[in-house]
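This briefing goes through a structure with its sequence alongside. Please keep both in view while reading.

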Amino acid sequence: MTIHLPRRGKYALAVVAASAAIIVTVVAFARPGGPPRRSFPPLVAAAAPAGWIHAELPNGTAVLSYPPSLRPLAGDKDAVSAARRGPGGTFQLYLNATPRQGTETLAHWAAFRLGLLRDDDAATAHQDAAVQGVKFRGGTGSCVIDDYITRIGAHHFQEIACLVQGRTSASVVVAAAPAAQWARARPLLLREIGAYVAR
Amino acid sequence: MSFTLGRWAAGVALLTALAAGCGTAAAGHSSGPKPPPATTHPAAPAHTANPIPQHNGGDQDPDNNGGPSDGDGNI
């Protein structure tokens, strides 16, 4: 059977084909996993600049470094924290290092971190980027960048959280800032993460 | 047997719309039964289901008071 299309029919066929292409494209990008995820920014393991403060974990397995504009912060007795606070005590920058406590692994770190945030103190949490095999000073780690909204106060934070495996033990280092200030805070937070030492 | 152009174009458009609808429904997890996955992957280990109470519960961490979350394992 042969179908002969007039010129008008060819135009109609072109319109239909173009419409189909648009529909398929829209559907493909609307599906989960369609658009590519944001790439993880470079994390450079490098010594902290002169004048930075070094805070060692109480068990001696890692060292957190930060500029003097951050102040030590009270928290869990086996962890170290520092922060820069703004008017009214709001957090502008936040750093924390804690020995590995749970079942987190390098292979599943991003999923673990997001699950922990949702179960603990966040009303919502979204992964923005993740990477494995990051070279740290004295170890290797997996990192995730995510943002979450706290259950109390509905504060929107963004963070880099890494599980770092040293020679003898693992620890978690977190660097966070209000999401609205993330673009400005990110270079310093990445530098603080890059200066982290695992033992 | 002959086709009119209008019917032919409508048929193509209908098939396209149906294909798109099926894709969207699959992505949206329709209620129909799903075949088992072809391959299995080791599941991520669940973290300790032991959330520390908010409002200063358990410890004095900022994350129990609306501050940024620390790196503890909820232990």
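Leu64(A) touches Ala55(A), Val80(A), Leu95(A), Ala97(A), Val173(A) and Tyr196(A), leaving aside residues up to four places away in sequence; two residues are in contact if their C-beta atoms, placed from the backbone, lie within 7 Å. The model is predicted: local features need pLDDT of at least 70, side-chain atom pairs count only at pLDDT 80 or more, and totals for chains, interfaces and linings use all residues. Residues are numbered from 1 along each chain as its sequence is written, while chains are lettered from A and ligands numbered from 1 in the order in which they are written.

**Chains**
- Chain A has three helices and 10 strands, in the order α-β-β-β-β-β-α-β-β-β-β-α-β from the N terminus; helices (H or I, at least four residues) and strands (E, at least two) are DSSP runs, numbered from the N terminus.
- Of the 199 residues in chain A, 37% are buried, meaning that 20 or more other C-beta atoms, placed from the backbone, lie within 10 Å of the residue's own.
- Chain B has one helix and zero strands, and 15% of its 75 residues are buried.

**Core**
- The largest nonpolar core holds 51 residues, and Leu64(A), Cys162(A), Val173(A) and Tyr196(A) have the most contacts inside it. Such a core is a set of buried Ala, Val, Leu, Ile, Met, Phe, Trp, Tyr and Cys residues joined through C-beta atoms within 7 Å.
- Strand β9 (residues 170–178) of chain A supplies the largest share of this core, seven residues.

**Sheet**
- Seven strands of chain A form an open antiparallel sheet in the order β3-β4-β5-β9-β8-β7-β6; strands pair if DSSP finds at least two bridges between them.
- β3 (71–73) and β6 (122–136) of chain A are at the edges with a single partner strand each, so one side of each lacks a neighbour in the sheet.
- In β5 (residues 91–99) of chain A, eight of the nine residues are buried.
- Leu95(A) of β5(A) stands opposite Ala82(A), and its bridge partner in β9(A) is Ala175(A).
- Six bridges link β4 (residues 80–85) of chain A to β5(A); five residues lie between these strands in their hairpin, where Gly88(A) takes a positive phi near 75°.
- Nine bridges join β8 (residues 156–165) of chain A to β9(A).

**Helices on the sheet**
- Helix α2 (residues 109–120) of chain A lies across β6, β7 (139–150) and β8 of chain A, at about 155° to β6(A). Axes are lines fitted to C-alpha atoms, for helices over the stretch in contact, and angles run from 0 to 180 degrees between N-to-C directions.
- Helix α3 (residues 182–194) of chain A touches β5, β8 and β9 of chain A, and its direction makes about 160° with that of β9(A).

Terms used. Buried ≥ 20, exposed ≤ 12 C-beta atoms within 10 Å, placed from the backbone.
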